[in-house]
Amino acid sequence: MKQLAWRLGHRLLLLVGVSLCTFVLLSAAPGSFFDDLKLNPQVSPATVTKLQAQYGANRPLPERYARWVESIFRGDWGYSLSYHRPVGGLVWQRARNTLLLTTFAVLLAWMLALPWGIAEALYKGGWIDRTGEMILALLLATPDVLFALLLLLLAARTGWFPTGGMSSSEVADLSFGSRIWDLARHLFLPVVALALTTLPILALHVRSAMIGVLDAPFLSAAKGHGIPKFRLLYRHALPVALNSLISLFGFSVGSLLSISLLVEVILSWPGLGPLVVEAVLARDIYVVVAATMFSAVCLIAGNLLADFLLYCTDPRIRSVQS
Amino acid sequence: MQTKLQPIPAANPVILSVRNLSLHYFQKTVFERRIPVTALTNVSLDLQRGKTLALVGSSGCGKSSLARCLVLLERPSFGEIVYAAQNLLELKSKELKEVRRDIHLIFQDSASALNPGMTIEEVLLEPLEIHEPTLAKKDRFLRLVSACEQAALSSKWLTRRPSELSGGQRQRVAIARSLISRPKILILDEALSALDLSTQSQIANLLLDLQREHSLTYLFITHDMRLARMLAHDVVVMKGGRILDSFPSSLLTPDIHANPASIGSISTAKDTETIRLQEIPSVNE
């Protein structure tokens, strides 16, 4: 319990640091939301100054930060100047879509990476390993944008999958089952694009973790005692290799959120990605800060999940902590 | 699956026979060049039932490769390993199950030879689950207790993990793991080398007691001539993957030159390991 409290406190401090850094860096960046208004001849400088005062944009940085922190406790997370509404609801609406996308992408990536990496490790140096390595190298060398564009091209040429959005126009008239199917069709391309982006790194990690364990003397010793090959794999090798893979799983959960932004923009998935791009271009800083904070929270949550899974799976960690 | 293994006649003193065993493999370099390596060349030796054969030689001479071949962790290129009237190299992997119950290898580094995630109880019971799956839970427990007693292993260690035990305790666990499936041959690959002198002598005495009680056969791989003299009945000297000489351990007297042929052949090697062998005093000194 003490460990958990300490870890949560540590992560909270980290979030404060992330928010401070984001605030300072965005304030230091040239330009502001009101610069475009100043260029508009139909808006007088007095109106712009009045608007700046109204939204507190001309206040010193510490005061703006304090007001923003205060708004967090109201659930607002600042005010979006572009959308004229509190940021909290706006970001959460989009973040749900991003979470849906990344959850399926993480699952798909791991479902492919685990058997891929294990098979390569088991047949190290053989044709399975060499072919697998070649495909992974190709995937690793391909830019993420290209994956998304190729999948977009596939969808446009074949018409098998929708090319954007997360539902069809007639979704309201569909039954529950048909709605799920419609969502699955819209999810397919972004999920595949995102999973292919992370697959090579995950599969290579799984391969290397498994090779490290398969070469371990305790496995030779167990084999010498007549333990069958399959049991050696699931009872001996996998549990030991799992430690480093669980840490990687936590990291992949968090990092996929930042990778997803690009895929969302190209494949028109209504997640955080398009919102953040618009907010950055419009210098709508509270939206950018909230999206950054959401990303940081996901990364921290992913790592906490990994810590929890390690605690559950590795008895050595439990015995050290008790 | 019924194996072709025949019961070894009690009159036959040889329990396991190695004939012209050779092991060649290719080592890959950074640039994927395959360099042929010869680990063993025409190795022949006999293990006598209930006796200990010490296998000595400098590092890299092929002792551990031979040990790994005997438990079929390595597949030899040529030769025969005859056990229970069968060449083990001709058996299929399923038929080897019974052999794996009879011949066990105990490694030098007990810390890395035990699964770090398993409790000692799980480590000890696993061979029984594989080789005797029909054994009742109660009988399994009795065998566990018996193996622990034989290896002088305290029952309070059963719930611990390998990392929570000392080197000597872990080596006792490795011995108990072998004893639980009632083996006939134990191959001890530098099994005492990593232990301090006091633990070494405790384990050595334990091995002698076990041999007396259960007529176990040992292949004792070592650098330490004192231990070879204390434990072994016969000594085989290896160099460069070949057997140089063999002689009874009684010839390893305080006067190391008692067997000029062997010592002469050892002394032709200029590596430090061999020199160390010669410098080790006998137990009688």
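So, start with one pair of residues: V14(B) has Q48(B), in β2(B), as its bridge partner. A quick word on what you're looking at: this is a predicted model, where local features need pLDDT of at least 70, side-chain atom pairs count only at pLDDT 80 or more, and totals for chains, interfaces and linings use all residues. Residues are numbered from 1 along each chain as its sequence is written, while chains are lettered from A and ligands numbered from 1 in the order in which they are written.

Back to chain B. Strand β1 (residues 14–28) pairs with β2(B) in the antiparallel sense, over 11 bridges. Pairing here takes at least two bridges found by DSSP, and strands (E, at least two residues) and helices (H or I, at least four) are DSSP runs numbered from the N terminus. The open sheet has 4 strands, in the order β2-β1-β4-β5, with antiparallel pairing. Why is one side of β2 (34–48) and of β5 (86–87) left without a neighbour in the sheet? Because these two stand at the edges, each with a single partner strand.

Now chain A. Its domain assignment, which is automatic or from a database, gives domain 1 (2–86) and domain 2 (88–321). Their C-alpha centres lie 32 Å apart. Across the boundary, 25 residues of domain 1 are in contact with 23 residues of domain 2, contact meaning C-beta atoms, placed from the backbone, within 7 Å. On the domain 1 side, α1(A) gives the largest share, 10 residues.

Definitions and conventions:
Two residues are in contact if their C-beta atoms, placed from the backbone, lie within 7 Å.
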